[in-house]
Amino acid sequence: DALISTAWSAPMDWMLPAMEALYGMVLPGEGLAATVMESLKESAAAAGMNGGASISLSPSEELLGAIRDGGNPGTEAVMALLRRGLGLSVSGVMEVADRQAFRDAAAKSLEMVKDPAYAELMASSGMAFDVRRSVGVINGMPYDAYAYSFSAPEEAGGEAAAIADLLGGMLSPVYIYKNDKAFFGTGPLKD
């Protein structure tokens, strides 16, 4: 019932040459691209071969009803409706070859948001981005929870702020580790 489902059995470094070319084209300066690639290489080295993931989009009855009814309630009302009624869920599991190295690589990747070139890139998009990591243990299993937050300047208007809120709530991942597996998803840690 997912919007997208995928499974893999391949070393995670297979995509590094394509990612390096892509980041080289879209990221300003060589420093930021090098930082991102270093993080990707460390994550790929610590990841295992096998995994699977599912991405689902779940609109609420309220949102579906508003779409069926048509009309034009205005930008702010539409954004509020999307915030309340559009759910994105991601869930999956992957093998990790070295659990602690995988966790360390993910934590190190957070340093990217402190890079001045990254801040400049986000500013040019009209949004700012930050991420916080919390760690702990739930049901005897260690976890990493990432809280992404997007913000828009006041002069960008209510629509930009609403989009920023929507993105942060939908995209914040959680990883729970058991043996050589990393279970991941979006949403509250308990889920």
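Predicted model: local features only at pLDDT ≥ 70, side-chain atom pairs only at ≥ 80, totals over all residues.
Residues are numbered from 1 along each chain as its sequence is written, and side-chain values use heavy atoms, with hydrogens and water left out.

Let's start with the overall layout. The protein has seven helices and seven strands, where helices (H or I, at least four residues) and strands (E, at least two) are DSSP runs numbered from the N terminus. Going along the sequence, they follow the pattern β-α-α-β-α-α-β-α-α-β-β-α-β-β. The C-alpha atoms fill a box of roughly 50 × 40 × 30 Å, taken along the principal axes. Of the 191 residues, 30% count as buried; buried means under 20% relative accessible area, exposed means over 50%, and partly exposed is in between, using a 1.4 Å probe and protein chains only.

Next come the cores. In soluble globular proteins, nonpolar side chains tend to be buried together. A nonpolar core is a set of buried Ala, Val, Leu, Ile, Met, Phe, Trp, Tyr and Cys residues joined through side-chain atoms within 4.5 Å. The largest one here has 14 residues, and Y118, F129 and V131 touch the most other members. Two or more residues each come from α2, α6 (116-125), β4 (128-138) and β5, with α2 giving the largest share, three residues. A second, separate core has nine residues, including M94, V96, A182 and F184. As for F129, setting aside residues up to four places away in sequence, its contacts are V113, Y118, M122, Y148, S149 and F150.

Two packed helices are described by the angle between their axes and the distance between the axes. Helix α3 (residues 61-69) and helix α4 (residues 75-85) have axes that come within 8 Å and cross at roughly 140°. Those axes are lines fitted to C-alpha atoms, for helices over the stretch in contact, and angles run from 0 to 180 degrees between N-to-C directions. On the α3 side the contact uses E62, L63 and A66, and on the α4 side L81, L82, R84 and G85. Sorted by class, that makes four nonpolar, one polar and two charged residues; Ala, Val, Leu, Ile, Met, Phe, Trp, Tyr, Cys and Pro count as nonpolar, Asp, Glu, Lys and Arg as charged, and the others, Gly among them, as polar.

Now for the open spaces. On a 1 Å grid over the protein atoms alone, where a 1.4 Å probe is used, a pocket is an open set of points with protein on both sides within 12 Å along at least five of seven lines, and lining residues have an atom within 4 Å of a point. The largest pocket holds about 1,300 Å³ of space. Its lining has 35 residues, with L40, S43, S109, Y148 and Y175 closest to the centre. Helix α2 (residues 29-46) supplies the largest share, five residues. By class, 30 of the lining residues are nonpolar, five are polar and none is charged. The second largest pocket has about 170 Å³, and V174, F184, G185, T186 and D191 lie nearest its centre among 13 lining residues. Strand β7 gives the most to this lining, with four residues. Here the classes are seven nonpolar, four polar and two charged.

Finally, a few single residues. R103 sits in helix α5 (residues 99-109) and is buried, with a relative accessible area of 11%. Not counting residues up to four places away in sequence, R103 touches R133, V135, P142, Y143, D144, Y146 and Y177. N139 lies in the loop between β4 and β5 and has a positive phi of about 50° although it is not a glycine. N139 counts as exposed, at 72% relative accessibility. N179, in the loop between β6 and β7, has a positive phi near 50° and is also not a glycine; at 60% relative accessibility, N179 is exposed.

Key: Points joined across faces, edges and corners; volume = space filled by probe spheres on them. Contact = heavy atoms within 4.5 Å.
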